[in-house]
Each structure stands twice: as structure tokens, then as C-alpha cells.
Amino acid sequence: LQRWQHGRTGFPLVDAGMRQLWSIGWMPNYLRHLVAQTLIEYMDITWKEGLKWFDWTLVDADVAINAFSWQNGGHSGPDQWEFVLHPVHAAK
């Protein structure tokens with residue numbers, strides 16, 4: 001979890017997004033999806049940890065939207081994501 005939080009996953013685009021989040025408290029929507037999928041699908045960490053971290057670090061955090069999005073990314077929400085972004089191929 002700490003590697004993801006501090007942008008040290010080994011996936012350059014994911015790491016850049018997480019470092020941007022830590023330094024300025026914001027990242028583009030596409031990167032939010034990518035880092036969420038990396039945490040959930042590739043690092044096998046519960047979406048609840050991502051929700052907590054985003055809630056604490058995002059300057060534009062919205063409790064309802066973040067919870068909804070993280071649940072969907074974790075395949076447990078009402079509108080589950082039917083895709084998985086690959087942390088390397090997404091950068092191309």
C-alpha cells in the first residue's frame with residue numbers, strides 16, 4: 001500500500017499520477033482510474049484503502065463520488081467497471 005501511496009509501484013505512469021496527487025492534491029480523471037485499477041487488480045489491495053487515501057489527499061474530494069467510483073472499481077458497486085486498465089499499456 002505504501003509503495004502505491006508514495007508513487008513507487010514500478011509503473012511510471014501510475015507513479016507519476018500518485019506523486020502528482022501527493023504534491024498538489026489533484027490528478028486527471030484518467031489517471032484516477034488507472035491508479036485505482038492498479039491498486040485493486042494488480043496489487044490486490046482492497047478498494048477501501050484507495051478510497052481512504054483519495055479522501056485524505058484530494059483537494060477536490062467528494063465523499064459520495066469517491067465512494068461510488070471506488071466501489072465500482074472494486075467490482076462491488078451498482079455500476080461496476082467492465083474494464084481493467086493495464087498500468088503499462090495505458091501509457092501508450
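Predicted model: local features only at pLDDT ≥ 70, side-chain atom pairs only at ≥ 80, totals over all residues.
Me: What makes up the secondary structure of the protein chain?
Reply: The chain has 5 helices and 0 strands. Read along the sequence, the pattern is α-α-α-α-α.

Me: Why is Arg-32 called buried?
Reply: A residue counts as buried when its relative accessible area is under 20%. Arg-32 has a value of 16%, so Arg-32 is buried. This residue lies in helix H3. Across the protein chain, 43% of the 92 residues count as buried.

Me: What makes the contact of Asp-60 with Arg-32 a salt bridge?
Reply: The term requires a side-chain nitrogen of Lys or Arg within 4 Å of a carboxyl oxygen of Asp or Glu. The side chains of Asp-60 and Arg-32 meet at 3.0 Å, N to O; therefore the pair is a salt bridge. The pair links distant parts of the chain, 28 residues apart, with Asp-60 in the loop between helix H4 (47-57) and H5, and Arg-32 in helix H3.

Me: Why does Asp-60 count as partly exposed?
Reply: Partly exposed covers the range between the buried limit, under 20%, and the exposed limit, over 50%. Asp-60 has a relative accessibility of 37%, so the term partly exposed applies to Asp-60.

Me: How many salt bridges does a search of the whole structure find, and what makes Lys-52 and Glu-49 one of them?
Reply: The search finds 2 salt bridges. The side chains of Lys-52 and Glu-49 meet at 3.4 Å, N to O, and the limit is 4 Å, so this pair qualifies. Lys-52 and Glu-49 are separated by about one helical turn because they are 3 residues apart in helix H4. Glu-49 is partly exposed, with a relative accessibility of 24%.

Me: Why is Ser-23 called exposed?
Reply: The word exposed is used for a relative accessible area over 50%. Ser-23 has a value of 55%, so Ser-23 is exposed. Ser-23 lies in helix H2. Ser-23 and Thr-57 are 34 residues apart in sequence, and their C-alpha atoms are 9.3 Å apart in space.

Me: Which residues form a nonpolar patch on the surface, and why can Trp-26 belong to a patch?
Reply: The patch is formed by Ile-24, Trp-26 and Val-59, which together have about 320 Å² of accessible area. A patch residue needs over 30% relative accessible area. Trp-26 has 36%, so Trp-26 passes this cut-off. With that value Trp-26 is partly exposed. Its place is in the loop between helix H2 (12-24) and H3.

Me: What is the volume of the largest pocket, and which residues are the closest to its centre?
Reply: The volume of the largest pocket is about 240 Å³. Of the 14 residues that line this pocket, Asn-29, Arg-32, Ile-65, Asn-66 and Ser-69 are the closest to its centre. Helix H3 (29-42) and helix H5 (63-73) are the elements that give two or more residues to the lining. The largest share, 6 residues, comes from H5.

Note on methods:
Residues numbered from 1 in each chain as written. Heavy atoms only, no water. 1 Å grid on protein atoms, 1.4 Å probe; cavity = no way out; pocket = protein on both sides within 12 Å on 5 of 7 lines; lining within 4 Å. Points joined across faces, edges and corners; volume = space filled by probe spheres on them. Helix = DSSP H or I, 4+ residues; strand = E, 2+ residues; numbered from the N terminus. Patch = residues over 30% accessible without salt bridge, like charges linked within 9 Å, V, L, I, M, F, W, Y side chains within 5 Å. Areas by Shrake-Rupley, 256 points an atom, 1.4 Å probe, with all protein chains shown as cover. Buried < 20%, exposed > 50% of the residue type's maximum accessible area, 1.4 Å probe, protein only.
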